[in-house]
Amino acid sequence: MPRHFLMFVVVASLTSLAVAQKPTVKKVPAPYTSPTSGPEMYASYCAACHGKDAKGNGPAAPALKVPPTDLTMLAKQNHGKFPYDHVAAVLNGKAMMPAHGSSEMPIWGKVFWSISGGHKGEVQQRVANLTKYLESMQVK
Ligand code: HEC
């Protein structure tokens, strides 16, 4: 059954002609991904802003007012310990971003809730697998 999800994933369209022009950000329905695959979810939902390598330089980044966080530095910035609970809370929309008031970072818990048709276990599985994937990308 084809399902249509109303939610936020960002695609950037870059115009090659005007060098100075910023990419524009469009919100499109999030594609379905496997809740067991951190890498697949990351590529589909996060890489547009945070970049494939998670260093914060995705194609949509220049269009944002707040630069996307370098997600490979989370452990280093937390005395070498990956802040697992904090990241999970951010994804669930339960933690505020440290520096900024009005965040451009989507609340993924809501998106995952919608993708899973309100299945709480699947939402938790998605958040857990994404968080573990980010943990695996930390610089030493
Ligand atoms: C629309 C662009 C965008 C997308 C898509 C996006 N992010 Fe973000 N993200 C941001 C921005 C911008 C910030 C910095 C927000 C701030 O500091 O207020 C951020 C911050 C974060 C933080 C907070 C780090 C900290 O220091 O607390 C985490 C964790 C994070 N993103 C993970 C993800 C994950 C995982 C995904 C995919 C499921 C994702 N982001 C998708 C834009 C995005």
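User: How many disulfides does the count come to?

Analyst: This is a predicted model. A disulfide is a covalent bond between the sulfur atoms of two cysteines. Cys46 is buried, at a relative accessible area of 13%, and Cys49 is buried as well, at 15%. For a pair to count, the sulfur atoms must lie within 2.5 Å, and by this rule the number of disulfides is zero.

User: Is Met105 buried, partly exposed or exposed?

Analyst: Buried means under 20% relative accessible area, and exposed means over 50%. His50 has 10% and so counts as buried. Met105 has 24%, so it counts as partly exposed.

User: In what order do the elements of the chain run?

Analyst: The chain holds five helices and two strands. Of its 140 residues, 38% count as buried. From the N terminus on, the order of the elements is β-β-α-α-α-α-α.

User: Which residue caps the N-terminal end of helix 1?

Analyst: Helix 1 covers residues 38-45. At its N-terminal end, the backbone nitrogen of Glu40 has a side-chain oxygen 3.0 Å away. That oxygen belongs to Ser37.

User: How wide an arc do the buried residues of helix 1 cover around the axis?

Analyst: The buried residues of helix 1 are Gly38, Met41, Tyr42 and Tyr45. They are on the same side of helix 1, because the arc they cover around the axis is only 100 degrees.

User: Which side chain does Thr33 join in a polar contact?

Analyst: Thr33 sits in the loop between strand 2 (24-28) and helix 1, and at 2% relative accessibility it counts as buried. Leaving aside neighbours within four places in sequence, its contacts are Glu40, Met41, Ser44, Tyr45 and Arg126. The polar contact, at 2.9 Å, is with the side chain of Tyr45.

User: How far apart in space are Leu134 and Gly38?

Analyst: Leu134 is found in helix 5 and is buried, with a relative accessible area of 6%. Not counting residues up to four places away in sequence, it touches Tyr42, Leu71, Phe82 and Val87. Leu134 and Gly38 are 96 residues apart in sequence, yet their C-alpha to C-alpha distance is 8.2 Å.

User: Which residues is Glu122 in contact with, leaving aside its neighbours within four places in sequence?

Analyst: Glu122 belongs to helix 5, residues 120-136. With a relative accessible area of 14%, Glu122 is buried. Its contacts are Tyr32, Pro35, Ile115 and Ser116.

User: How wide an arc do the buried residues of helix 4 cover, and what is the phi of the glycine that follows?

Analyst: Trp108, Gly109, Val111, Phe112 and Ile115 are the buried residues of helix 4. They cover an arc of only 160 degrees around the axis, which puts them on the same side of helix 4. After helix 4 comes Gly117, with a positive phi near 65 degrees.

User: Is His79 buried or exposed?

Analyst: His79 is found in the loop between helix 2 and helix 3, and Ala54 has its place in that loop too. Phi is positive in both, near 55 degrees for His79 and near 70 degrees for Ala54. Ala54, at 0% relative accessibility, counts as buried. His79 has a relative accessible area of 79%, so His79 is exposed.

Terms used. Residues are numbered from 1 along each chain as its sequence is written. This is a predicted model: local features need pLDDT of at least 70, side-chain atom pairs count only at pLDDT 80 or more; totals for chains, interfaces and linings use all residues. Side-chain values use heavy atoms; hydrogens and water are left out. Buried means under 20% relative accessible area, exposed over 50%, partly exposed in between (1.4 Å probe, protein chains only). Helices (H or I, at least four residues) and strands (E, at least two) are DSSP runs, numbered from the N terminus. Contact means heavy atoms within 4.5 Å. The arc is that of the directions from the helix axis to the C-beta atoms. A polar contact is a pair of N or O atoms within 3.5 Å; within protein, one must be able to donate a hydrogen and the other to accept it, and residues adjacent in sequence count only if both atoms are side-chain atoms.
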